[in-house]
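Here are a few notes to read alongside the model.

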Amino acid sequence: MLISPRKLAAAGILGMNSRNHDFIGRYNQRHLYPLVDNKLKTKRLAEKYGIATPKLRFVLHHQYEVKRTARLLAQRESFVVKPAKGSGGKGILVIVGRNGDRFVKGSGVEVTLHDVERHMSNIIAGLHSLGGNPDSILIEDVVQCAPWLAAYSYEGVPDIRVIVFKGYPVLAMVRLATHASDGKANLHQGAVGVGIDIATGCALKAVQQSRRIQIHPDNDIDLHALQIQDWTHLLEIAAGCAEMTGLGYLGADLVIDREHGPELLELNARPGLAIQIANGIGLVPRLRHIEALDTVHQDAAARVAYVQKAFAADMALAG
Amino acid sequence: MSKISFYVIVVLLIAIGVGTAWTRHTHTGEAFLPGTQRVVWQVEARVHFTATGDPVKVSLALPDATQRFSLFNERATSPGYGFAIVEKNHQPRGEWTKGSAQGPQTLYYKAEFVAQPRRAGKPLTLHPFAVEPVDWPEPAATAARQLLDAAREKSSDPASLIREIVKLLHAAPANQDAALLLDQGIDKAHLVARLLNQADVPARVLMGLYLEDARRRQSLSPMVEVYTPQEMIVVNPDTGEQGLPDNLLLWNEDDAGILDVTGGHHSSVKFSMIQRLVPARQIAQAQDSLFNILGVHILPIESQSMFKMLFLLPIGALVVVFMRLIVGIKTSGTFMPVLIALAFLETSLIPGLISFVLIVAFGLVLRNYLSYLNLLMVARISTLIVLVITIIAAMSLIDYKLGLSTGITVTFFPMIIIAWTIERMSILWEEEGPKEVLVQGSGSLLVAVLAYGLMTFKPLMHLSFNFPELNTVVIALMLLMGQYTGYRLSELYRFRELFKDSGHAD
């Protein structure tokens with residue numbers, strides 16, 4: 001069953017080729033990529049711009065540091081191991097608790113210290129990095145998700161993906177971990193994507209594996225009841241990432257910490273297209289709308305205010 | 001870069017590639033399709049004479065291979081004689097020499113000719129000459145004058161004059177003037193030429209050989225060559241037909257004589273000919289053309305076969321570009337499918353597919369075990385490479401023992417690529433599950449099989465090797481696809497959910 005290209009175009013769906021050619025190729029300068037492809041650089045940059053990120057505990061650059069760090073980790077209850085240059089959530093290990101000597105992953109699976117060491121060795125060797133280049137490891141605190149949002153997720157921290165074009169948030173969704181996604185908030189791994197209305201922060205639609213759903217498959221919560229609190233503030237943080245990196249077309253991944261509020265998890269210079277399915281809204285009309293603006297608002301808050309008004313009419317689409 | 005200059009470049013690339021290929025095709029006869037054969041005429045001139053014991057010098061006019069035919073190769077066989085080709089009055093002549101000879105002698109000149117495609121409007125390039133003064137004894141002079149007057153009356157230009165002269169010479173009942181002139185002991189060709197010269201139209205006799213398959217002991221046929229300010233006209237003096245017949249090989253242009261023997265008598269020359277088919281490539285490559293510089297066939301055979309493979313790569317790359325950008329198929333590793341396809345070229349498809357799947361499957365099992373050993377990645381992949389080689393060696397051995405023959409060629413699989421593939425697939429399995437492995441694995445194989453199909457498609461193989469300049473067309477196609485910003489075929493499926501139950505969205 002195929003949709004006719006004309007129908008897709010009429011719905012304003014952005015295709016992969018057009019995304020790469022018309023937006024990423026045109027608005028994202030190559031030399032800025034390392035800022036987002038390397039999580040360590042993103043973190044340092046965010047610090048400079050006063051954008052909160054999860055607390056960084058260790059940074060490892062060399063294999064010999066692995067053993068030593070593993071020993072230090074043995075004393076910690078929970079932590080997240082991330083490759084600095086991993087893409088698409090690859091190579092992220094989330095340890096949420098302990099069971100004696102063993103570490104409990106977000107999904108409840110238990111692993112040994114040995115497994116954690118092996119994972120770190122793999123990262124250092126470049127297994128998860130783009131092009132297989134040697135990589136560094138970031139070890140961060142696990143985000144303690146705000147309970148009102150955590151309730152929607154299963155075994156994992158939900159994150160909020162906002163597509164920011166020329167500094168204007170254009171489309172957003174919440175990604176909820178499922179049992180199938182192993183506690184990870186990655187759509188192609190089986191996480192649930194819930195489209196969020198830019199104007200209100202209310203859920204629009206929910207999809208899992210490109211299929212429309214209304215109830216979370218693991219905890220039976222009605223996803224349509226989801227509303228993001230403090231939505232405008234969150235959008236302003238996302239919008240600010242454009243100035244921070246200089247990228248014209250980017251995806252900002254944010255989490256909401258129980259204590260610290262919204263935090264920037266990572267940025268993506270090649271954000272995926274599935275967000276359109278989660279929203280039931282095509283990106284093209286909004287991108288063209290922003291592209292056609294005569295003057296760009298200098299202030300992130302002004303930009304958010306603008307899109308919240310300009311894209312509010314799209315509510316009708318969501319029904 | 002603006003859209004216009006982009007398309008200009010694309011059009012230019014296509015024009016350069018196709019233009020060069022076409023020019024080369026017309027100039028050297030390099031065929032666009034494999035297996036094209038061309039007719040080659042093998043002509044043998046057999047010179048016979050009786051030597052008198054003195055120093056011998058035999059001079060034979062050689063064919064003029066600049067008109068409808070081109071010389072493919074030539075040689076002279078004549079034991080004990082020295083042979084050289086000399087040029088006299090723009091005419092090549094073969095000269096045999098020997099200190100002394102006695103008795104009957106036979107000399108051979110053999111040459112092969114290829115008919116050139118007739119190019120419309122291409123004039124003959126003969127050498128201009130002037131009117132020769134004519135001097136008839138009476139009463140032939142009067143007869144010639146009267147015949148010319150009769151012919152002039154009915155003609156307006158040299159072409160029609162020739163027609164009328166030939167007509168009068170052949171008139172039945174015989175024209176009296178014509179009959180008298182024909183009785184003068186000169187052949188018809190020379191008679192026509194003399195009459196034309198008398199009418200102030202430069203004309204002379206040239207000799208040609210009619211090429212007909214499997215003819216022996218043929219003589220040359222005289223033709224009348226007429227030079228008018230506009231063009232050269234070649235006339236058959238027997239029929240009055242104007243124009244150079246397609247199967248007439250011009251032998252010598254001026255009246256110098258076909259054969260000239262000193263130190264011998266009773267000389268004669270006879271021609272035999274036979275027609276054979278030769279692959280067009282062979283002929284094209286034998287030619288000394290500027291365009292042949294572009295062909296790789298001037299390289300040693302060893303490098304040629306390397307280029308044969310190399311020039312197939314662009315086709316594979318084009319398939320990858322198409323499958324990824326237009327169709328949107330996921331493959332593991334961008335160009336790995338091309339490398340697999342190259343390996344298939346060595347193994348042939350089905351055995352290649354079977355061994356590839358077996359090697360990767362077996363490798364995945366071993367890789368799974370390796371992951372328990374907690375190795376550093378470089379060491380792990382290196383181990384994997386050795387294991388892959390071992391698997392291939394083992395398969396070859398088993399193959400050989402079973403009496404199958406695919407074993408040896410399997411070794412050409414790019415081991416390192418396979419090792420990486422196994423590593424990637426294994427990680428993919430851990431991170432995204434077996435479904436993604438299956439999707440990307442079968443995607444890679446599909447692209448590889450498609451690339452293999454095109455790379456073994458005979459006309460494409462022929463074009464890629466013989467017309468490497470067509471690569472500019474491949475580049476142009478890649479540029480065009482690189483600019484394609486429409487939906488991929490897979491996206492028409494991917495976004496289907498947007499339209500399924502969103503009744504109110506429509």
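**Notes on the interface and cavities**

1. Across the interface of chain B and chain A, the rule finds 0 salt bridges (a side-chain nitrogen of Lys or Arg within 4 Å of a carboxyl oxygen of Asp or Glu). Please keep in mind that this is a predicted model, where local features need pLDDT of at least 70, side-chain atom pairs count only at pLDDT 80 or more, and totals for chains, interfaces and linings use all residues. Residues are numbered from 1 along each chain as its sequence is written, chains are lettered from A in the order in which they are written, and side-chain values use heavy atoms, leaving out hydrogens and water.

2. On the side of chain B that touches chain A, the elements giving two or more residues are α11 (377-402), α13 (415-432), α17 (489-494) and α18 (497-500) of chain B (helices are DSSP runs of H or I, at least four residues; strands are runs of E, at least two). The largest share, 5 residues, comes from α17(B).

3. In total, 31 residues of chain B are in contact with 42 residues of chain A (heavy atoms within 4.5 Å).

4. The largest cavity has a volume of about 70 Å³, counted as the space filled by probe spheres set on the points.

5. Residues lining that largest cavity include A:K39, A:K82 and A:E140 (lining means an atom within 4 Å of a point).

Note on methods:
1 Å grid on protein atoms, 1.4 Å probe; cavity = no way out; pocket = protein on both sides within 12 Å on 5 of 7 lines; lining within 4 Å.
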